[in-house]
Amino acid sequence: MISERVLFIINVSLGLLSVLLVLMFLGLKLPTLGQAQYALDKEEPVCVIQWGEESTIHQDIDRCCLQARQQFECRAQSKDNLDWMCGTDERLQIWLNNKAYNYCKQQPYW
Amino acid sequence: MKRKRLKVQRKVFFVLVVLILLLSMLNIAKAKGLLIPKQGPVDVKHKVVDLQGMTLEQKIAQMVVVVGTKENYWPWRNMQLGGIHLFARQTEHIFNNTIIDFQFQAPIPFFVTADLEGCVSPFGFIRQFTPASEVDTIEEAFDKGVEEGQFLHKLGFNLNFAPVVDLKDDIWKCRSFPGEEKQISELAQAYLTGLQTQNVLGTAKHYPGKTLIVKDPHKYVVAAEIGKKDVFPYGYLVEKGEVKAIMVSHIITSGEIDSEGVPSVVSKKVLDNLRTNFNGLIVSDEIHMLGLKRFYRSVDEMYIAVFKAGNDVVLNFDNDPNEIYRMIQVVKAAVEGGEIPEAQIDASVTRILEAKGFTVR
């Protein structure tokens, strides 16, 4: 049998949850874990395009994210301070560091 | 007294649980776009569309291409959007089924679009295609167009965002055709001819050029000086009459094409200039790029600017159906407020419907 005090605490929590749900319904957006990871990471975002043996830094991270998302699947893989490899083709690969990957994950199309 | 308080607490508990369940369901329905109102029917008879019978919302929706995901199947269909763009999938079967589902009984079929350029391709799991950089002759370019067109058509695609006619590709090294402007134009022309024999429309990109060059890492808004050579392929392809769509980039340009300090895609001057000799589709590059976003105080301003500039097809790959619906409402309000002429929207929708094979009256 739940005591009155415990039930009161549960009700207050449920009340707060209802308010949160109402706010969310009205359009409140809660920050995601990805945003926190991105904000805490002080590295510069890096995107490297590898075509065959040639590697080029892609300065436009936004475009890099979009191409990575539409063409490929990304998986955790390490190489030269880069942490993610996106690619389905052995010849063309997109490499991202964690900062860039977390940035990509925040994009509305990811 | 204590028992009475406990009884009240229990009642409150049950009311709150029911309330939370209801609110959760409403939130889920909202997130899935199920609360977005369904558009009315469109008057389509024997491939003839009555434009005046379409609401302003339906017309604006026709101008929007979104990402075609299973999760957003109902909202995209209910909004009667113009097109879906497909990202990589594991098998041909999945691509095919997704497209069939979306097109099933759609009064106006979706544009089904892809970025199949050769080395850049969402079909890497299924098949490899020749990179544009390895195509040297007109015959090879034509064959590449036919091969990619056959493949796309078989899966149900009808619009490809290729070929790239940027003169130089310093980043990917494989997306541009080799050679100088004349050779690139001829190869692109042959590719388009091959692609379009398979009933898949091609898109020359990224107008007005210089999008695949290494950029200053500290600039989010990128600028480039455009020369006569950069725009040569567009003039060539338009003159030949083969190019059905041109994609405009977010680069701020000066020189031969002057975007007057704003990204090309929102420059009325750039788009009007392009429109002078070209009556095909002007397609915006995807709009969630910092180069464009940072230019505006709000996304609403950006939405209005993209439509106002004269893009016929606007790529918005936001996964949130409510945001796409909101964009349509924002643009609708701008048209109703006189900021965007309705005649311009009508002209864009006419071009879109004609590209889809309809007659517009």
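Among contacts in chain B between residues at least 6 apart in sequence, what percentage join residues at least 24 apart? The share is 74%, where a contact means that C-beta atoms, placed from the backbone, lie within 7 Å.

Before selecting anything, note that this is a predicted model, in which local features need pLDDT of at least 70, side-chain atom pairs count only at pLDDT 80 or more, and totals for chains, interfaces and linings use all residues. Residues are numbered from 1 along each chain as its sequence is written, and chains are lettered from A and ligands numbered from 1 in the order in which they are written.

**Chain B.** Along the principal axes, the C-alpha atoms fill a box of roughly 90 × 45 × 45 Å. Of the 361 residues in chain B, 48% are buried, that is, with 20 or more other C-beta atoms (placed from the backbone) within 10 Å of their own.

**Chain A.** Switch to chain A, where four helices and five strands are found, in the order α-α-β-β-α-β-β-β-α from the N terminus. Its radius of gyration is 21 Å, whereas a compact globule of 110 residues would have one near 13 Å. Colour residues 1-30 as domain 1 and 33-105 as domain 2; the bounds come from an automatic or database domain assignment. The centres of these two domains of chain A, over C-alpha atoms, are 40 Å apart.

**Where the chains meet.** Now select the contacts between chains: 45 residues of chain B and 36 of chain A take part. On the chain B side, helix 1 (2-31) and helix 9 (290-293) each supply at least two residues, and the largest share, 16 residues, comes from helix 1.

**The core.** Finally, show A:L96, B:I246 and B:V306, which touch the most other members of the largest nonpolar core, a set of 129 residues. Such a core joins buried Ala, Val, Leu, Ile, Met, Phe, Trp, Tyr and Cys residues through C-beta atoms within 7 Å. Centre on B:V306: leaving out residues up to four places away in sequence, it touches B:V265, B:V266, B:S284, B:I287, B:N311 and B:V314.

Key. Two residues are in contact if their C-beta atoms, placed from the backbone, lie within 7 Å. A residue is buried if 20 or more other C-beta atoms lie within 10 Å of its own, exposed if 12 or fewer, and partly exposed in between; C-beta atoms are placed from the backbone. The radius of gyration is taken over C-alpha atoms; the globule rule is 2.2 Å times the number of residues to the power 0.38.
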